[in-house]
Amino acid sequence: MDDNRATVEESGIKDPDAMFASLEKKIKDSGADMDMGRIRAAYETACRAHMGQMRRDGSPYVTHCIAAADISVDMGLDEDSVVAALLHDVIEDTELGYSEIAHQFGEPVADIVEGVTKLTRVQYTSKEDEQMENLRKMLMAMAKDIRVILIKIADRLHNMRTMAYQTEEKQRSKSLETMEIYAPIAHRLGMQRAKWELEDLALMYLDPTGYKEITDTLDSRMDILVDFMAKMEEKIKARLTEEGLQATIYSRIKHIYSIYRKMYAQKLDINGIFDLCAFRVIVDTMPDCYNVLGIIHDMFKPVPGRFKDYISTPKPNMYQSVHTTVIGTEGIPFEVQIRTWDMHHTAEYGIAAHWKYKMGDTGVKNGDEDKFAWVRRLLESQQESDATDFFHNLKIDMFADEVFVFSPKGDVINLPAGATPIDFAYSIHSAIGNSMVGASVNGRIVTFDHVLQNGDIVEVRTAKNAPGPSRDWLNIAKSGSARTKIKQWFKKERREENILRGHDIFEAELKNRGLRMEDITDEDVLPVLLKKIACPSLEEMYAAIGYGGMTATRTVNRMKDELARIHHLAEKKTVLEKVTEAAERRETNAKKNIRPVHGILVEGLDNCLIKFSRCCTPIPGDDVVGYITRGEGVSIHRKDCRNYINRNDNPESLGRWIEVEWAEHISEVYTTGITVVAHERSGLVMDIATVLNSLNSKVRSLNARDIEGNRAVVNITLEIRSLDELRVVINKLTSISGVSEVSRNGG
Ligand code: MN
């Protein structure tokens with residue numbers, strides 16, 4: 001069985017020399033080719049630098065440095081990393097600086113130590129997920145060299161192992177940071193071993209009761225579980241041998257945090273979690289993985305839906321294995337992970353494993369250029385496998401196109417690489433950008449074109465009477481959104497200036513293209529040209545050119561094209577026009593003679609005088625009725641007109657109402673009135689007009705007035721062909737925002 005519990009270091013003062021001796025032995029045993037003299041020199045330097053400093057357990061401080069180096073060796077890191085791990089706290093905690101380290105151990109080591117120091121200095125407070133993600137990216141981006149992150153993880157792992165000596169408050173905050181920052185980073189780098197240990201240690205401090213509940217239960221069942229695992233191991237081993245397969249089998253109890261998470265997610269107590277055990281079968285070749293899988297499925301009943309093939313589709317963090325869950329002889333389910341040794345090392349140590357196993361002896365001494373070629377290839381290939389993953393943003397230079405900075409409040413702001421205080425200010429709020437008068441980075445005043453670096457703390461000074469952005473800012477700002485906001489400011493705040501400016505630029509461009517102002521201001525062509533460039537007036541066009549929303553070159557180009565088109569058309573039209581117009585005129589005249597009188601047939605009467613009542617404005621489709629007027633022929637009303645409904649009020653006129661009906665084919669248009677009631681708001685009338693226009697409804701009149709309760713009444717007189725057409729109009733008007741009622745007049 002695997003030793004699976006997180007390490008918690010025992011109390012007692014530790015002896016640095018003894019620890020270093022065991023580190024030396026570990027390196028030698030690992031077979032790594034390292035200059036032991038150099039590593040000893042680093043140890044001695046760290047001893048001197050940390051002289052007199054103590055860990056909380058009473059051990060000399062340097063024991064922490066040795067422990068971090070020890071973990072780095074476990075991870076398979078290179079010589080420079082081990083040297084840097086030994087020195088990782090000297091810049092932060094001692095008199096020793098970058099140049100001394102660089103002088104004695106070379107710049108690469110000094111760079112790593114400085115990188116670790118920077119990460120250590122980042123202030124952490126728990127935040128929402130998105131902020132957390134940015135913070136993780138920021139740490140990755142700040143690291144530049146992946147070894148910085150790996151050593152930081154080793155450092156954190158040892159600090160978590162010795163967290164028992166810290167105050168409760170520190171235990172909590174460091175555990176939270178570990179859970180939210182370092183465990184996910186370890187996961188993303190594929191370092192499962194570091195990840196689970198960080199998680200289990202953090203859980204121990206974050207939810208001691210929950211942690212203890214799980215460990216107590218596991219301990220109480222340990223005999224049964226160990227017995228079960230031994231039996232299964234033996235059984236599988238025997239069968240594989242029988243089938244002629246070379247395999248190593250490990251069994252283990254799942255990690256505390258993974259059990260904890262499962263309990264939480266499925267709202268179960270630990271008795272409800274069945275698969276507490278997991279087995280690993282490690283073989284030499286990939287085909288063997290699938291052979292083993294077949295045998296396992298033959299031996300035990302697989303649980304449906306639990307088979308996952310991460311060999312053919314590796315996880316984005318390079319993890320490869322085949323997973324299946326089966327039901328053992330006692331009815332206990334357990335998971336089996338099948339992988340090759342290569343996959344196993346990658347699963348345990350992630351990116352660090354590649355160091356050890358793919359770099360070989362030549363290692364990082366190959367020169368800077370190729371140093372991280374493999375990381376690059378790795379990250380690039382991962383990008384293809386899962387675009388949504390973390391690594392999507394890990395470009396060749398990690399986050400080459402992004403920079404992460406802090407606001408004074410500690411929020412992480414994500415900006416494009418090369419961003420300046422201007423980008424920062426506008427990303428907070430356009431009002432901040434517009435009133436910015438100064439900026440400082442890490443407490444030092446900087447110019448507006450200062451390029452921000454990862455981890456910078458950026459502060460912006462604003463003033464009420466600030467002059468606003470200058471046009472230069474458009475060139476300084478790196479982000480499109482900052483430029484847009486600056487342009488908007490110019491558009492709004494400097495209209496007069498923009499118009500003058502735009503006019504000058506436009507006129508110059510016209511001249512440049514051999515056009516005169518008169519060519520475009522001609523009243524026949526100007527409306528067409530403005531429509532072409534989608535501008536309501538010349539003034540608007542000047543303003544847009546002035547603030548930079550339109551370019552003069554493009555505008556003049558489009559106008560020139562349009563002018564050419566108009567001239568071309570005008571020539572052509574002279575020929576076609578007459579023919580078409582004549583034909584149309586003939587057609588109209590012909591129609592006039594055959595249509596019925598206003599589309600209404602009056603019972604028993606031919607060619608009588610017809611007029612449509614103004615009270616209810618009927619249109620084809622309405623139920624109508626006629627009223628014989630004195631000397632004005634028949635007046636047509638809707639049957640729902642109040643004059644007809646209340647006809648009994650005038651008994652003497654009852655006899656004048658007569659039946660009428662619409663003719664079958666009607667080509668006339670009729671006028672009718674509708675009333676719109678809406679919440680008063682700007683743009684309401686504009687919206688109504690737009691809708692009517694889009695329906696090709698001809699508006700005879702449109703009056704809007706405000707009434708009490710912040711409402712507006714709009715009376716519209718329309719030309720309409722039929723009731724169906726009117727219904728469409730009413731429907732469309734009803735759907736305009738703020739409109740509460742649309743009704744026909746006179747109902
Ligand atoms: Mn440390």
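Tutor: Begin with a term: contact means heavy atoms within 4.5 Å. This is a predicted model, in which local features need pLDDT of at least 70 and side-chain atom pairs count only at pLDDT 80 or more, while totals for chains, interfaces and linings use all residues. Residues are numbered from 1 along each chain as its sequence is written, and side-chain values use heavy atoms, with hydrogens and water left out.

Student: What share of the contacts in the protein chain with a separation of 6 or more comes from residues 24 or more positions apart?
Tutor: Take the contacts in the protein chain with a separation of 6 or more. Then pick out those between residues 24 or more positions apart. Their share is 66%.

Student: How many helices and strands does the protein chain have?
Tutor: Helices (H or I, at least four residues) and strands (E, at least two) are DSSP runs, numbered from the N terminus. On that basis the protein chain comes to 30 helices and 21 strands.

Student: What percentage of the residues of the protein chain count as buried?
Tutor: Buried means under 20% relative accessible area, exposed over 50%, and partly exposed in between (1.4 Å probe, protein chains only). The protein chain has 747 residues.

Student: At what angle do the axes of H3 and H9 cross?
Tutor: Axes are lines fitted to C-alpha atoms, for helices over the stretch in contact, and angles run from 0 to 180 degrees between N-to-C directions. H3 spans residues 62-75 and H9 spans residues 146-161. Their axes come within 9 Å. The crossing angle is roughly 125 degrees.

Student: Which orientation class do H3 and H9 fall into?
Tutor: Angles under 35 degrees count as roughly parallel, over 145 as roughly antiparallel, 65 to 115 as roughly perpendicular and the rest as oblique. H3 and H9 cross at roughly 125 degrees. Therefore H3 and H9 are oblique to each other.

Student: Is the crossing of H3 and H9 left-handed or right-handed?
Tutor: A crossing is left-handed if the near helix is turned anticlockwise from the far one by less than a right angle, and right-handed if clockwise. For H3 and H9 the crossing is right-handed.

Student: How many nonpolar, polar and charged residues does the contact of H3 with H9 have?
Tutor: H3 contributes residues including His64, Ala67 and Ile71, and H9 contributes residues including Leu150, Asp155 and Arg161. Ala, Val, Leu, Ile, Met, Phe, Trp, Tyr, Cys and Pro count as nonpolar, Asp, Glu, Lys and Arg as charged, and the others, Gly among them, as polar. The contact has nine nonpolar, four polar and two charged residues.

Student: H9 also meets H10; what is the handedness of that crossing?
Tutor: H10 covers residues 168-188, and its axis comes within 11 Å of that of H9, at roughly 145 degrees. Ile149, Lys152, Ile153, Arg156 and Met160 of H9 take part. The contact divides into six nonpolar, two polar and four charged residues. H9 passes H10 in a crossing that is left-handed.

Student: How far apart are the axes of H12 and H14?
Tutor: H12 runs over residues 208-242 and H14 over residues 286-299. They pack at about 125 degrees, which makes H12 oblique to H14. Their axes are 11 Å apart.

Student: What is the C-alpha distance between Met138 and Ile413?
Tutor: Met138 sits in helix H8 (residues 129-143) and is buried at 0% relative accessibility. Beyond four places in sequence, Met138 touches Phe404, Val405, Phe406, Val412 and Gly455. Met138 and Ile413 are 275 residues apart in sequence. In space their C-alpha separation is 9.5 Å.

Student: Is Ser407 buried or exposed?
Tutor: Ser407 lies in the loop between strand S7 (402-406) and strand S8 (412-416). Setting aside neighbours within four places, its contacts are Ile413, Phe424, Ile457 and Val458. At 7% relative accessibility, Ser407 is buried.

Student: Is Asn710 buried or exposed?
Tutor: Asn710 is in the loop between strand S19 (698-707) and strand S20 (711-720). Its phi is near 60 degrees, a positive value in a residue other than glycine. With a relative accessible area of 54%, Asn710 is exposed.
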